[in-house]
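Please look over the model shown here before reading the points below. They are written for someone new to reading protein structures.

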Amino acid sequence: MSDAVLADPPPSGAPSTAEPAVVVDGLVRRYGERVAVDGLSLTVPRARVFALLGPNGAGKTTTVETCVGLRRPTGGSVRVLGLDPVRETDDLRPRIGVMLQSGGVYQGARCGEMLRLVASYAADPLDPDRLLERLGLASLARTPYRRLSGGQQQRLSLAMAIVGRPELVFLDEPTVGLDPQARHETWRIIESLRRDGVTVLLTTHHMDEAERLADHVAIVDHGRVIASGTPGELIRGGADREVRFRASPGVPLDGLRSRLPAGTVATEPAPGVYVVAGAVDPALVASIATWCAERDLLVEGLQVKHRTLEDVFLELTGRELRA
Amino acid sequence: MSATATGRVDPDDGAAMTGVDAGPGTFAPRPGRAPLTRMVANQTRMELVLMMRNAEQVMLSLIVPIGLLVVCTTVSFIEVDGDRADFFVPGILALAIMSAAFTSQAIATGFDRHYGVLKRLGATALPRSVLLGAKTLAVLAIEAMQIVVLCSVGLALGWTPSGEPLTAVLSVVALIALGTAAFCGMAFLLAGTLRAMTTLAAANIIWFVLLGVGGIAFPLSEFGGAQGLFELLPTAALSSGLRTVLADGEVVPWHLLLTLGLWAVVTLTAATATFRWE
């Protein structure tokens, strides 16, 4: 151990063991003929935030539900905190917190009552009332669950996942349906969990969420991990910036490529969407505009931007992530 | 990072804080399962509160049996041999047990499953056996209430239970325990396999049919040749057994306990094999 200040110090309370929190190896899950997860592998280090990023139907939820023991793998292996989530479920479940996508609360139960019930399963839970307060639900403690708005139900669900002081939290789409303020409060809670040494595995189809929160991102599509790394690694895999524009699909790019500086890449990742990535400067933009003018090509939405995970996803899959 | 990928700008991080985070260590992991007895007690109380809060369930388990007992005993539209209260109190007790342990339980469990409660709680520290056990304990608590209320109403209507008290109480407890097991097995069998709305319909229809042919409101002797078949129904076994003990003052016949026991074994085994948590 060195005394040097690390760029990314391990949060206080991080377990000393080097064993990863979650190891998924070649997971396959079929529902009849349909393959939901198709050979997915990932490793979640302890005391970090890990994001599974991908469009709806990519297999994120099935992966989470397999990790928490609600589904049996068709193939491959899953170890969570060193345990088999199905066979050793009784040992595993007191150590994890789970937020599923919807439902899961007695329709007749009141908000505070439900959180206190889930808290009572734990040996040493957080104070349910303070947690409600933190999540802006204190005034709704006596409100029946079915009268809560979708966002309020989401926040209660998050509270139920963390009230038992778990060492590992699974959050499936934790910010769906939240207004911006509640979304930011959820983000701050996830950051606080990480600060206190809790491992978080979350799923999202929001790039900004993964970019802001996650130490590690795995991009999932069609039941497989198609790229993974830190957000920075994924984004800089190509270049820092890019020029993007729309035009009619299938325009030959050879003429454009010949006039671009070395190290610059021009692609059409999706029909009608063109991306030029590399060292973007005013001259490059001018070259692109000149090329368009020569071809009498009227482009739409020409923009110079920082690359995001969204661009990475587009390049990898040829599709936009936003549903 | 202040500008997000979608171009929205974060509010100042400090400004929107609700100020209840006690700082570092608030969420420090301290995992562990609560003692089993505490989980059973809390879960049972929750299930009981939810049942008492649900108007339809209170109606089915308490109001309808009390109303039927009063009407059947005081209005002579159904012919019975002997004292009316002596015939109807055991029958209505059997009905009440069926309402709570079968119909209410099936509907509540079916909707818990429909709304993902069973799945969600299956991902907490709560063992599934405790969840189903608590549902059964809550039913037993409701049954205790039903017995007190219905016996009080019966006594007010002139019911005179027969038999030696200790034997009668033991016999009644044995009958109700086996009957509850059989009805809960039926309830879990329906609720664990059918959709919630189908469970709701089926549980109500079966309740109504068994009210008619289960020896509750009509003596089974009125059904002629079908009597032998109907006597195999759990409701009939329970009502006949209760009547034998409470009206005739006799020891409960073994074949009735056997009938209930078989229903319990078969339905609970089938429910265990087929129950789907979501």
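1. On the kind of model. This is a predicted model, and every value below was computed from it.

2. On the size of the contact. The size of an interface is often given as the accessible area lost when the parts come together. For chain B and chain A, that buried area is about 4900 Å². Carbon and sulfur atoms account for 55% of it. Chain A puts 55 residues into the contact, and chain B puts in 51.

3. On polar pairs across the contact. Between chain B and chain A there are four salt bridges. In one salt bridge, the side chain of A:Arg71 meets that of B:Glu278, with N and O 3.2 Å apart. Polar contacts across the interface of chain B and chain A join 23 residue pairs, both residues being at pLDDT 80 or more. On the side of chain B that touches chain A, at least two residues come from each of helix H1 (36-53), helix H4 (117-121) and helix H5 (128-156) of chain B. H1(B) gives the most to that side, namely nine residues.

4. On B:Leu126. Where is B:Leu126 found? Its place is the loop between H4 and H5 of chain B. The relative accessibility of B:Leu126 is 1%, so the residue counts as buried; the cut-off for buried is under 20%. Leaving out residues up to four places away in sequence, B:Leu126 touches A:Arg93 and A:Tyr121 in chain A, and B:Met39, B:Gln43, B:Leu121 and B:Leu131 in chain B. B:Leu211 is 85 residues from B:Leu126 in sequence, and their C-alpha atoms are 36 Å apart in space.

5. On B:Thr124. The loop between H4 and H5 of chain B also holds B:Thr124. Is B:Thr124 buried or exposed? B:Thr124 counts as buried because its relative accessibility is 6%. A polar atom of its side chain lies 2.7 Å from the backbone oxygen of B:Leu121. With residues up to four places away in sequence left out, B:Thr124 touches A:Arg93 and A:Tyr121.

6. On helix H1 of chain A. Why is helix H1 (residues 60-67) of chain A said to be largely enclosed by the rest of the structure? Seven of its eight residues are buried, and that is the reason. The buried residues include A:Lys60, A:Glu65 and A:Cys67. Just after H1(A) comes A:Gly69, which has a positive phi of about 85 degrees.

7. On a nonpolar patch. B:Val71, B:Val75 and B:Phe77 make a nonpolar surface patch of about 270 Å². B:Val71 belongs to helix H2 (residues 55-74) of chain B. B:Val71 counts as partly exposed because its relative accessibility is 39%.

8. Side chains of opposite charge can pair when their charged atoms come close. Over all chains the count is 26 salt bridges. One of them joins the side chains of A:Arg116 and A:Asp129, at 3.7 Å from N to O. A:Arg116 is in helix H3 (residues 111-119) of chain A and A:Asp129 is in helix H4 (residues 128-134) of chain A, so the pair ties together parts that are 13 residues apart in sequence. A:Arg116 is partly exposed, with a relative accessible area of 43%. A:Asp129 is partly exposed at 43% relative accessibility.

9. On salt bridges within a helix. A:Arg188 and A:Glu185 form a salt bridge, with their closest N and O atoms 3.6 Å apart. Both lie in helix H6 (residues 180-195) of chain A, three residues apart, about one turn of the helix. Both A:Arg188 and A:Glu185 are buried. A salt bridge of 3.4 Å, N to O, joins the side chains of A:Asp254 and A:Arg257. These two are three residues apart in helix H9 (residues 254-259) of chain A, so about one helical turn separates them. A:Asp254 is exposed, with a relative accessible area of 56%, whereas A:Arg257 is partly exposed at 40%.

10. On a network. Which residues are linked in a network of salt bridges? They are A:Glu19, A:Arg46, A:Arg95 and A:Glu167.

Conventions:
Residues are numbered from 1 along each chain as its sequence is written. Chains are lettered from A and ligands numbered from 1 in the order in which they are written. This is a predicted model: local features need pLDDT of at least 70, side-chain atom pairs count only at pLDDT 80 or more; totals for chains, interfaces and linings use all residues. Side-chain values use heavy atoms; hydrogens and water are left out. Patches are made of residues with over 30% relative accessible area and no salt bridge: like charges are joined within 9 Å, nonpolar side chains (Val, Leu, Ile, Met, Phe, Trp, Tyr) within 5 Å. Accessible areas come from the Shrake-Rupley method with a 1.4 Å probe; for residues, only the protein chains shown count as cover. Helices (H or I, at least four residues) and strands (E, at least two) are DSSP runs, numbered from the N terminus. Buried means under 20% relative accessible area, exposed over 50%, partly exposed in between (1.4 Å probe, protein chains only). Contact means heavy atoms within 4.5 Å. Buried area is the accessible area (1.4 Å probe) that two parts lose on being put together, summed over both. A polar contact is a pair of N or O atoms within 3.5 Å; within protein, one must be able to donate a hydrogen and the other to accept it, and residues adjacent in sequence count only if both atoms are side-chain atoms.
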